[in-house]
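Colleague: I have not looked at this one before. Can you walk me through it?
Modeller: Here it is; ask away.

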Amino acid sequence: MNAEGRLGETRLDLEDAEEQEESPPWSSRGLPRKNTAGEQTDVEVDVQDEDMDSTHSDVRPLVQDRDPKGVNRCLKVTFEDVIAEPPSVRSFDKVWLWSHALFEVSRLWFYRLFSILLAVPVSLAAGLLFAVLSCLHIWLIMPFVQLCLINMHWLQTVWGSVLNIAVGPFFTSIGKCCGSINIRLATD
């Protein structure tokens, strides 16, 4: 039930797995689709009050796009990027198919195995490192910089005066002296 006391309606797609691969699962959420026989299948589900107040949204689109900023664009490696046979030299078709399948399966499962072994410890170490760096930046570095800026105001005033009194006029006069020098290149 929603806030007005009405029952919520949810429609479920009962389609083949092939049709799911063609379009993203969130592209037509809530709309009935025609199944292979040409008829529509609607399923009504009672939605409870706590389900409507839940802060959790649909997680499926988030799981699909795990690199939204494209940080690891260079790691999109496929079988064709690694192994390619020129037209003049070809192996048997079955060897090519089995090689392709073995490459994809081993890449997927070894990645999953290494991510099981390394993801949690590396995430913990990275979280700890960024927490320490953030803490140092917030509580030590920025207060020290502000302390220096506040207490060194007299040095900034003295340095500005030295530049305006001695260094600025010296380089201005050198620039005027060297500004009248002309170089002419002549070919003999």
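Colleague: Which residues lie nearest the centre of the largest pocket?
Modeller: Those are Arg66, Asp67, Leu75, Arg107 and Tyr111, out of 16 residues that line the largest pocket. Keep in mind that this is a predicted model.

Colleague: What volume does the largest pocket have?
Modeller: The volume of the largest pocket is about 890 Å³.

Colleague: Which helix gives the most to the lining?
Modeller: Helix α5 does, with six residues in the lining of the largest pocket. Helix α5 covers 93-151, and α3, at 60-64, also supplies at least two residues of that lining.

Colleague: And how many residues of the lining are nonpolar, polar or charged?
Modeller: The lining of the largest pocket has seven charged residues, five nonpolar and four polar.

Colleague: Let me step back. How many helices and strands does the protein have?
Modeller: There are six helices and zero strands. Read from the N terminus, the order is α-α-α-α-α-α.

Colleague: What share of the residues is buried?
Modeller: Of the 188 residues in the protein, 3% are buried.

Colleague: Back to Arg107. Which residue does Arg107 form a salt bridge with?
Modeller: Its partner is Glu104, and the closest N and O atoms of the two are 2.6 Å apart. The structure holds one salt bridge.

Colleague: Why would side chains like that pair at all?
Modeller: In general, side chains of opposite charge can pair when their charged atoms come close. Here, Arg107 and Glu104 are three residues apart in helix α5, so about one helical turn separates them.

Colleague: New topic, aromatics. How many aromatic pairs are there?
Modeller: The count comes to four aromatic pairs. One of them is Phe110 with Phe114: the ring centres are 6.3 Å apart and the planes are at 35°, so that pair is tilted.

Colleague: Where do Phe110 and Phe114 sit relative to each other in the chain?
Modeller: They are four residues apart in helix α5, which means about one helical turn lies between them. Phe110 is partly exposed, with 47% relative accessibility, and Phe114 is partly exposed too, with 46%.

Colleague: What kind of pair do Phe170 and Phe171 form?
Modeller: Phe170 and Phe171 are edge-to-face, with 5.2 Å from centre to centre and 75° between the planes. Phe170 has 47% relative accessibility and counts as partly exposed, whereas Phe171, at 54%, counts as exposed. The cut-off for exposed is over 50%, so the two residues fall on either side of it.

Colleague: Which residues do ring pairs link into a cluster?
Modeller: That cluster is made of Phe79, Trp96 and Phe103.

Colleague: What about cysteines, how many disulfides does a search find?
Modeller: Zero, over the whole structure. For background, a disulfide is a covalent bond between the sulfur atoms of two cysteines.

Colleague: Last one, Ser99. Which helix does Ser99 lie in?
Modeller: Ser99 belongs to helix α5. With 33% relative accessibility, Ser99 counts as partly exposed.

Colleague: How many residues apart are Ser99 and Ile83?
Modeller: They are 16 residues apart in sequence, and their C-alpha atoms are 9.4 Å apart in space.

Definitions and conventions. Residues numbered from 1 in each chain as written. Predicted model: local features only at pLDDT ≥ 70, side-chain atom pairs only at ≥ 80, totals over all residues. Heavy atoms only, no water. 1 Å grid on protein atoms, 1.4 Å probe; cavity = no way out; pocket = protein on both sides within 12 Å on 5 of 7 lines; lining within 4 Å. Points joined across faces, edges and corners; volume = space filled by probe spheres on them. Nonpolar A, V, L, I, M, F, W, Y, C, P; charged D, E, K, R; others polar. Disulfide = S-S within 2.5 Å. Salt bridge = Lys/Arg side-chain N within 4 Å of Asp/Glu carboxyl O. Phe/Tyr/Trp six-rings, centres within 6.5 Å; stacked < 30°, edge-to-face > 60°. Buried < 20%, exposed > 50% of the residue type's maximum accessible area, 1.4 Å probe, protein only.
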